[in-house]
Amino acid sequence: MYVSRGARRAARARASAAVLGAALLLAACSSSDDPKQEGDGDKAGAGITQQPKEADPFWVNPDGNAAKQVAAYRKSGEDDGAEQIRKIAQQPTGEWIGPENPEQEARGFTEAADKAGRTALLVLYNIPHRDCGQYSQGGAADGNAYRTWIDGVAAGIGDRSATVILEPDAILHLVDGCTKDEFHEERYDLLTGAVEKLKSLKNTKVYLDAGNAGWGHPDQIFEPLQWAGIAKADGFSVNVSNFYSTKDSITYGKQLSAKVGNKHFVIDTSRNGNGPYKDGDENERWCNPPGRALGETPTIKTADPLVDAYLWVKRPGESDGECKGGPKAGEWWPTYALKLAKASTP
């Protein structure tokens, strides 16, 4: 495995919260850039506001785990910890749609973002036979269940503005031999269908995941990316949940782009501030590595015209899995979050 993702348990927790309805998410939304309205509707009490829209049009969830941690630190008088975690809480991060209530979750996030005049950043990670049985194993029961799930996501998004990162690792694990051959044809069909369904929406951008700068060479993945429907997508994503530098990610992305019709791409910069971890077990360097730092904050003002955005797809402070003392994949880990924040530049 090269990268880790949010686990089913975390997704179920978010799905359960979604049952309360989109109204709760709307109530949680801080809908203005005006500092005077800081904390309006902010249930966590952390005073979370949106970033300047001209540089960062994506929605900041004022009730996420990081915002709740800020509020907890403030309540206990740990002001330094609160300000460190604020570095995470004030930035838009991906909302990973759970398996059980996709329509309601997608509607809740996109309605909250729309109320704030922003774009929701959604991550779809539910492909059957996900993660090859590792820390984030799971996914839809079969192809039909996945298609129904995608239909639900699409219905929830509707005409509202959304940017979707589609199925981290799904193509990569077809290339690296991790996913059994018998599942390949179905996976390509599911991915092309998902791209077509999501791109039929009025204001949705779709980026197929395409690995990272450290796993291999673009020559190994460009044809699978084509078979998965990249021609109809807006582009591809790189470095999701990983730690490779933005410079190396741009190099990898540009090489791959040249092979798939000069498609644009986005880079996950959430935890790449100190680059990849190079010690310990080579097979688990991706999993909760020590000494990492937050990377460039989310923005559409990037270093290359082919790069549409730097995004925080992985939610900093959420565990990669039960390694190096971490909780289950996708669970909030305040100790690790604080270390990420402290290691980053102000």
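Analyst: Happy to! Let's begin with a rule: two strands pair if DSSP finds at least two bridges between them. Please also keep in mind that this model is predicted.

User: How do you know that β2 and β3 pair?

Analyst: Count the bridges. Strand β2 (residues 120-124) and β3 are joined by five bridges, and the rule asks for at least two, so they pair, in the parallel sense. To find the place in the picture, look for Leu121, which stands opposite Thr163 in β3.

User: Is strand β3 mostly covered or mostly open, and which way do its residues point?

Analyst: Strand β3 (residues 162-166) is mostly covered, with five of its five residues buried. Ala162, Val164 and Leu166 point one way, while Thr163 and Ile165 point the other way.

User: Why is the pair of Phe236 and Phe265 called stacked?

Analyst: Tyr188 belongs to helix α8 (residues 184-199) and Trp227 to helix α9 (residues 222-227), 39 residues apart. Now for your pair: the ring centres of Phe236 and Phe265 are 5.2 Å apart and their planes are at 10°. The cut-offs are centres within 6.5 Å and planes under 30 degrees apart, so this pair is stacked. Phe236 lies in strand β5 (residues 235-238) and Phe265 in strand β6 (residues 264-268), so the pair ties together parts 29 residues apart in sequence.

User: Are Phe236 and Phe265 buried or exposed, and how do you know?

Analyst: Buried means under 20% relative accessible area. Phe236 has 0% and Phe265 has 0%, so both are buried. Tyr188, at 14%, is buried too.

User: Why is Lys115 called partly exposed?

Analyst: Its relative accessible area is 49%. Buried is under 20% and exposed is over 50%, so Lys115 falls in between and is partly exposed. You will find Lys115 in helix α5 (residues 102-115).

User: What makes Cys287 and Cys323 a disulfide?

Analyst: Their sulfur atoms are 1.8 Å apart, and the limit is within 2.5 Å, so the two cysteines qualify. By this rule the count comes to one disulfide. Cys287 sits in the loop between β6 and β7 (307-311), and Cys323 in the loop between β7 and α11, 36 residues apart.

User: Which hand does the disulfide of Cys287 and Cys323 have, and why?

Analyst: The torsion about the S-S bond is about -95°, so the disulfide is left-handed. As for cover, Cys287 has 0% relative accessibility and Cys323 has 5%; buried means under 20%, so both are buried.

User: What does pLDDT say about residues 1-41?

Analyst: pLDDT stays under 50 over residues 1-41. For the chain, the mean is 88, with 85% of the residues at 70 or more.

Definitions and conventions:
Residues are numbered from 1 along each chain as its sequence is written. This is a predicted model: local features need pLDDT of at least 70, side-chain atom pairs count only at pLDDT 80 or more; totals for chains, interfaces and linings use all residues. Side-chain values use heavy atoms; hydrogens and water are left out. Buried means under 20% relative accessible area, exposed over 50%, partly exposed in between (1.4 Å probe, protein chains only). Helices (H or I, at least four residues) and strands (E, at least two) are DSSP runs, numbered from the N terminus. pLDDT is the predictor's confidence in each residue, from 0 to 100. Contact means heavy atoms within 4.5 Å. Rings of Phe, Tyr and Trp (its six-membered ring) pair if their centres lie within 6.5 Å; planes under 30 degrees apart count as stacked, over 60 as edge-to-face and the rest as tilted.
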